[in-house]
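Please keep the sequence and the structure in view while reading.

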Amino acid sequence: YGSRYHRDLPAFPTRRSSDLVAPTARLTILPGTTVYFDAGVDIRVEGVLTAVGSPYQRIRLTSVPNAPLVPDLPGLPDGPPRWSGIHFQDTLSAANQIRYADIDYAQATGGALGVVNSQLLIDNVTWRGTHRRMVYGNRVSLEVRNSVFPNMFAEDESPLALGLDNVSEHIKVDGGILDGGH
């Protein structure tokens with residue numbers, strides 16, 4: 001995809017069975033869109049991602065419905081297959097935003113939303129079904145507003161006992177804030 005490439009994901013359910021890469025391109029996810037991801041699939045953004053739903057037309061990013069349950073991390077119960085989330089790399093555009101979205105069953109060490117040397121606004125986003133970082137950043141300009149971060153573990157589950165200490169924070173940022181960022 002060249003820098004002139006622009007793609008809109010439609011406001012009806014769509015399925016991704018392979019990674020979606022947006023190098024130097026603009027990807028727009030329209031209000032009301034549901035994207036179902038196969039296990040291990042991710043979106044990699046090196047251009048611009050604008051995923052802006054509304055209070056009544058939220059964007060839903062989730063695993064494929066009714067898929068057979070699969071093993072989760074060791075020591076945790078089986079669950080839906082996990083997709084690998086959305087990862088921003090070297091994209092400093094102020095247009096990068098995810099608003100009014102529900103992110104379900106995205107699980108990766110680099111975060112359900114990974115932001116590296118990039119800028120991102122996260123607003124009115126919910127997460128469900130992950131036992132690893134919901135947001136991970138390294139050298140970022142990151143703003144998180146009005147979002148819901150649920151408990152990742154049941155009362156009888158301990159991240160320390162499961163070997164998930166220091167990889168299961170809701171938000172973790174390394175490397176500081178980019179010059180002029182927040």
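In this predicted model, Glu157 is buried but forms no salt bridge. Arg82 is the nearest side chain of opposite charge, at a distance of 8.9 Å.

**The surroundings of Glu157**

- Glu157 belongs to the loop that runs between strand 12 (135–145) and strand 13 (171–177).
- When neighbours within four places in sequence are set aside, Glu157 is in contact with Leu76, Pro77, His131, Met152 and Leu162.

**Other residues of the loop**

- Asn151 is also placed in the loop between strand 12 and strand 13.
- Is Asn151 buried or exposed? Its relative accessibility is 71%, and because exposed means over 50%, Asn151 counts as exposed.
- From C-alpha to C-alpha, Asn151 and Ile171 are 13 Å apart in space, while 20 residues separate them in sequence.
- Asn166 is found in the loop between strand 12 and strand 13 as well, and with a relative accessible area of 43% it is partly exposed.

**The nonpolar core**

- The largest nonpolar core contains 36 residues, and those with the most contacts inside it are Leu49, Leu61, Ile86, Ile98 and Trp127.
- Strand 11 (residues 113–128) supplies the largest share of this core, namely 6 residues.
- Leaving out residues up to four places away in sequence, Leu49 touches Leu27, Ile29, Ile86, Phe88, Ala95, Asn96, Gln97 and Ile98.

**Backbone angles**

- Most residues other than glycine have a negative phi.
- Asn124, which is located in strand 11, has a positive phi near 55°.
- Asn166 has a positive phi too, near 70°.

**Confidence of the prediction**

- The chain has a mean pLDDT of 89, and 93% of its residues reach 70 or more.
- Which element of the chain has the lowest mean pLDDT, and which the highest? The lowest value, 53, belongs to strand 1 (residues 6–9), and the highest, 98, to strand 10 (residues 97–104).
- Over residues 1–6 the pLDDT stays under 50, and the model has 12 contacts beyond four places in sequence for these residues.

Definitions and conventions
Residues are numbered from 1 along each chain as its sequence is written. This is a predicted model: local features need pLDDT of at least 70, side-chain atom pairs count only at pLDDT 80 or more; totals for chains, interfaces and linings use all residues. Side-chain values use heavy atoms; hydrogens and water are left out. Helices (H or I, at least four residues) and strands (E, at least two) are DSSP runs, numbered from the N terminus. Buried means under 20% relative accessible area, exposed over 50%, partly exposed in between (1.4 Å probe, protein chains only). Lys and Arg count as positive and Asp and Glu as negative; His and the chain ends are not counted. A salt bridge is a side-chain nitrogen of Lys or Arg within 4 Å of a carboxyl oxygen of Asp or Glu. Contact means heavy atoms within 4.5 Å. pLDDT is the predictor's confidence in each residue, from 0 to 100. A nonpolar core is a set of buried Ala, Val, Leu, Ile, Met, Phe, Trp, Tyr and Cys residues joined through side-chain atoms within 4.5 Å.
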